[in-house]
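Keep the sequence and the model open while reading.

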Amino acid sequence: MNLESTTRTHLPFGDKHDSPFYGRDIVSVRQFDEDDLDYIFEVAHEMQAMVARVGTFDLLKGKLLANLFYEPSTRTSSSFTAAMERLGGSVIPINEVRYSSVSKGESLPDTVRTLERYADVIVLRHPDVGASAEAARYASKPIINAGDGVGEHPTQALLDLFTIQEELDAVNGLTVTMVGDLKYGRTVHSLSRLLSKFDVALNLVSPEILRMPAEILEELAESGTPFSEHDALDPVIPATDVLYVTRVQKERFEKEAAYEAVKDAFVVTPATLEAAKKLMIVMHPLPRVNEISMEVDADPRAAYFRQMEYGMYVRMALLAMVLGKA
Ligand code: NCD
């Protein structure tokens, strides 16, 4: 675990905070151990209870979040906004970088060093792998990676793990099947890394050209996580506890024809789930295109909309923690 370059302690003048997350960047799931995860989820539970009780409260009153998105987003950007506002804080939204100074050629280091003069924390989505780590090297306020190209999406993986724990009561002992675009899907990259800290078995189902990157397979092997690769979904469905479906990442393909050839390789329908356990869940980071048919939505095992709500509690927890209030 090399956190040297990505995780530092930033102690603003006059503040005294002893939270282990205070001032930290969140750039990769690699930075978390099991105690960290327990702590994040404990705080997320408190957030859930508070939202149920009072809706909005003033934990981060006076704090500002800059939401800096160089790629499209609905859930990640709005859930960080919702999380910040439920905690009484405010948000500077920068969703269309083409209307900002980025279109004049401003570099990422300059943009984040500008925004941190106004805001207390920066949430960054960027098309390049490593962009958040780079931003974190320049910024002295916390940077939260909201997706760096085909790299990682750590806050999504944390909310995915929280969802599994909440829905199935435990993570150890489960069989998790990931299906779809395992090559370009950053959510499955982060989630595999996070799950490798637990006693789980992974089925990796994808078209040949969209297999999980070798680097991640090596990490799984090193951590002793049993995994197997498949080109068909049906055979692995009966043993699956968590079916994690992903969208084929059209925007990462160089040739439209290559995308067209694989875009509907796997479609989950009610028939797919007939062979599944009664107690299992279907997850998806969303947005969905065709990979889960809408008839599945009414199945109680379809957890993908509940998953989004868990995400807000996890992001509330992360914001409170990096800002020294939890
Ligand atoms: C994902 C992403 O952006 O990586 N979306 C999300 O954050 N919930 C998945 C995707 O775009 O397919």
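## The H3–H4 pair

H3 passes H4 in a right-handed crossing. A crossing is right-handed if the near helix is turned clockwise from the far one by less than a right angle, and left-handed if anticlockwise. Helices (H or I, at least four residues) and strands (E, at least two) are DSSP runs, numbered from the N terminus. This is a predicted model, in which local features need pLDDT of at least 70, side-chain atom pairs count only at pLDDT 80 or more, and totals for chains, interfaces and linings use all residues. Residues are numbered from 1 along each chain as its sequence is written, and side-chain values use heavy atoms, with hydrogens and water left out.

H3 spans residues 108–118 and H4 residues 131–138; their axes come within 9 Å and cross at roughly 55°. Axes are lines fitted to C-alpha atoms, for helices over the stretch in contact, and angles run from 0 to 180 degrees between N-to-C directions. H3 is therefore oblique to H4. Angles under 35 degrees count as roughly parallel, over 145 as roughly antiparallel, 65 to 115 as roughly perpendicular and the rest as oblique.

From H3, Leu108, Pro109, Val112, Arg113 and Glu116 meet Ala131, Glu134, Ala135 and Tyr138 of H4. Contact means heavy atoms within 4.5 Å. By class, this contact has six nonpolar, no polar and three charged residues. Ala, Val, Leu, Ile, Met, Phe, Trp, Tyr, Cys and Pro count as nonpolar, Asp, Glu, Lys and Arg as charged, and the others, Gly among them, as polar.

## The four-stranded sheet

Four strands form an open sheet in the order E2-E1-E3-E4, with parallel pairing. Two strands pair if DSSP finds at least two bridges between them. E2 (90–94) and E4 (143–148) stand at the edges with a single partner strand each, so one side of each has no neighbour in the sheet. The twist averages 15° from one strand to the next.

E3 (residues 121–126) runs parallel to E4, and four bridges join them. Leu124 has Asn145 in E4 as its bridge partner. Helix H2 (residues 75–86) packs on this sheet and touches E1 (64–69), E2, E3 and E4. The direction of H2 makes about 180° with that of E1.

## The five-stranded sheet

A second open sheet has the order E7-E6-E5-E8-E9, again with parallel pairing. Neighbouring strands are turned by 15° against each other on average, direction ignored.

Four bridges join E5 (residues 175–179) to E8 (residues 242–245), and the two run parallel. Val179 has Val245 in E8 as its bridge partner. H5 packs on the sheet, touching E8 and E9, at about 165° to the direction of E9. H7 (residues 214–222) also packs on the sheet, touching E6 (201–205) and E7, at about 145° to the direction of E7.

The axes of H5 and H6 (residues 186–195) come within 8 Å and cross at roughly 55°. The two helices are therefore oblique to each other. H5 passes H6 in a right-handed crossing. By class, their contact has eight nonpolar, three polar and one charged residues.

What does Glu167 contact beyond its neighbours within four places in sequence? Glu167, in helix H5 (residues 154–168), is in contact with Ile281, Ala303, Arg306 and Tyr310. The Glu167 side chain makes a polar contact (a pair of N or O atoms within 3.5 Å; within protein, one must be able to donate a hydrogen and the other to accept it, and residues adjacent in sequence count only if both atoms are side-chain atoms) with the side chain of Arg306, at 2.8 Å. Another polar contact, of 2.9 Å, joins the side chains of Glu167 and Tyr310.
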